[in-house]
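Visitor: I have not looked at this model before. Please walk me through it in questions and answers.

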Amino acid sequence: MSVETSSKIADPTPLLRLPLTHLANLPSEGRVNTHQRSKMRTGLESRVAARFGVLPNFFRLTVDDPEITENLWGFAQFAYLDNPLPSLLKERLFVYLSLFCEVRYCIARHLGFLVGLGRPAGDPQCLPQSIDEVLPLLRGDLPFKSDLDQHLALCEGLGMGSFPPEPDSAQERAIFVCAAHVFLRTPDASRALHALKCVFDGKTLEYTKLLLAFIRTAHYWTEIHPELVLEDDINQLLATHEAIAACVLADPAGLPENKLVRRISEELISLRDLKERNLRLEQDYELLGTEHQRTEDRLSEKEKMLQESSKRIGQLAAIVESSDDVILSKDLNGIITSWNAAATRVLGYSAEEMIGSSILKLIPEDLHSDETIIMKNIRAGRPVEHFETVRRTKSGQLLDVQLSISPIRDAHGQVIGASKILRDISARKRLEQALLQAEKIAATGRMAATIAHEINNPLEAVMNLIYLLRPMIADPAGIRYLQSVETELGRVSHIAKQTLGYYREHSAAISASIGEIVLHAITIYEPRCTAIGIEIKKAINSSRKIVLRRGEMMQVVSNLIMNSIYAMQAGGVLAISVEDAVGPPDGIVLAIQDDGVGIAEADLPRVFEAFFTTHSTVGTGIGLFVAKQFVEGHGGQIEIESTQSAEDHGTTVRVFLPISTTYDI
């Protein structure tokens, strides 16, 4: 290889090379006294200098313990200098990978070897390169994604030509890029390693991995020795060539490694988001499947009920006008053909205004598609039962309603229209919402009271300790500080007492009948039970009155009924009884029994725990917890039995209240 004096450094002047005879001329950071210099001029240093042509400061970091340097030098010889890979390829790869090291010593020193300030890979037969030949290497980056794919394809295509590749060729660039991804352990490292296997045979690949291991060791060695400084020949090189200095001394924040970190971070965030979305989709799919099955079960049951109802349409015609529910009929085009008195009362239109008009007049525009689906079912002879939706009155008010729609057939069995029963359920919706809100407020109050109580006890102890401490403080400043502490603790105590007052019910206990409370609760929940096919059997055989807090007992009964409704979404029987207790102690027994799905035996011991629930989509998990607190607060007891057996499934809850409760005066 010819050497051009304008761009090569084949034979550096003494100013650029650091000869062995000038070791004493190192910068002040590297100077040592005469005794230390003579100690450092060991046989090891001579071997290092003889191999490289210069003595790098890299091997002068442990002068007090030459055994460490000896072992480090042994590793360097085995993995780097005596590695059978081509010397120029090793040195160029060393420089390229050092672009990604935070400490700039390695890239500077090995760049010096590459341009003639020492021997490339310690090989005296390897000719140095010119500044122009190494600049493209120093300006290399690390490609990703589609930019990386072309390098992988070049290696995997086995079209690399003769080995070793020419410096700065596409083949060398592809090998260096793949080696860098393996070296930096990027997300593409496995693909890059596979590509290298297509280029190298097994032995050559292992020597390449060995070289990468030493380069990583060299980088780490420089990072943990901040005292390491550049040699004079390297400082002269950087001072002489601005383009080289700009690349070597570039701010590490601008190196490809930082871009790599950002890309890896972005990829990890993207992967985490994809994983979370996939998990949510799986959960939604599972929930959708469960709801779909429940819907099919309910529709199947409702269809059977409607078939029976259609047989009695003729018998019900006589009571249509006196019904409290809206009853109307329409033809298959949605034109209203009949209109009862309740329709006028609820919806505001007279029969004259509506007969002959389209049913769409009552339906909000955004729900017009519901009518298309309804009429499709009617034309097919399929009824629509207990369909909850919204209708608009003459005044423009929106009502929550429940619809039951049945086909009307002629004498030949052909569907000619539909009969619609509309029930205003706005009040029921409001009441259900109010009860749910009351349950939440009760739970919040109990938790607030519990926390306040737990704070109040240690707070009183602290106040007592401060009272005892007061006579022991004589310093005026200490007394002022103690008074400030008492003031602040008093304020905290006041807040705790206010919180306790927030939960405790201040309404006085009254004499009331459990039977009356139960009948009132049944009146509230009976429409909902009827809608989903639940038959209520009641046996109120006691009218005795006891002293109780009516609101709390109403909450108990409501919670128990709602639990039974949740357990019988496909219909069933709900039996509610109130009886006088048989035998001592004297009192009243409330029993609520359903034939729903039941509670697993393993879950029974936990049903009275706060926030424990077996329902995945309904309930708060505090209903039975609150009920137990209220019942026991009256001096009573509550117990539960349940089974999930196929022959006899269901749940029974019994509440015993003594004839003389804790609220008796």
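Visitor: Among contacts in the chain with a separation of 6 or more, what share comes from residues 24 or more positions apart?
Guide: This is a predicted model, where local features need pLDDT of at least 70, side-chain atom pairs count only at pLDDT 80 or more, and totals for chains, interfaces and linings use all residues. Residues are numbered from 1 along each chain as its sequence is written, and side-chain values use heavy atoms, leaving out hydrogens and water. Contact means heavy atoms within 4.5 Å. On that basis, the share for residues 24 or more positions apart is 65%.

Visitor: How many helices and strands does the chain have?
Guide: Both are DSSP runs numbered from the N terminus: helices are H or I with at least four residues, strands E with at least two. The count for the chain is 22 helices and twelve strands.

Visitor: What percentage of the residues of the chain count as buried?
Guide: Buried means under 20% relative accessible area, with a 1.4 Å probe and protein chains only. Of the 665 residues, the buried part is 42%.

Visitor: Are α4 and α6 oblique or roughly parallel to each other?
Guide: Axes are lines fitted to C-alpha atoms, for helices over the stretch in contact, and angles run from 0 to 180 degrees between N-to-C directions. Helix α6 covers residues 131–138, and its axis comes within 9 Å of that of α4, crossing at roughly 45°. Angles under 35 degrees count as roughly parallel, over 145 as roughly antiparallel, 65 to 115 as roughly perpendicular and the rest as oblique. The two helices are therefore oblique.

Visitor: Which residues of α6 make the contact with α4?
Guide: From α4, the contact draws on Arg 92, Val 95 and Tyr 96. On the α6 side are Glu 133, Leu 137 and Leu 138.

Visitor: How many nonpolar residues are in the contact of α4 with α10?
Guide: Helix α4 (residues 87–98) and helix α10 (residues 202–223) have axes that come within 11 Å and cross at roughly 45°. Among the residues in contact are Leu 93 and Phe 94 of α4 and Phe 214 and Ile 215 of α10. Ala, Val, Leu, Ile, Met, Phe, Trp, Tyr, Cys and Pro count as nonpolar, Asp, Glu, Lys and Arg as charged, and the others, Gly among them, as polar. Besides two polar and one charged, the nonpolar residues number eight.

Visitor: How are α7 and α8 placed relative to each other?
Guide: The axes of helix α7 (residues 145–156) and helix α8 (residues 170–184) come within 9 Å and cross at roughly 110°. The two helices are therefore roughly perpendicular.

How values were computed
Buried < 20%, exposed > 50% of the residue type's maximum accessible area, 1.4 Å probe, protein only.
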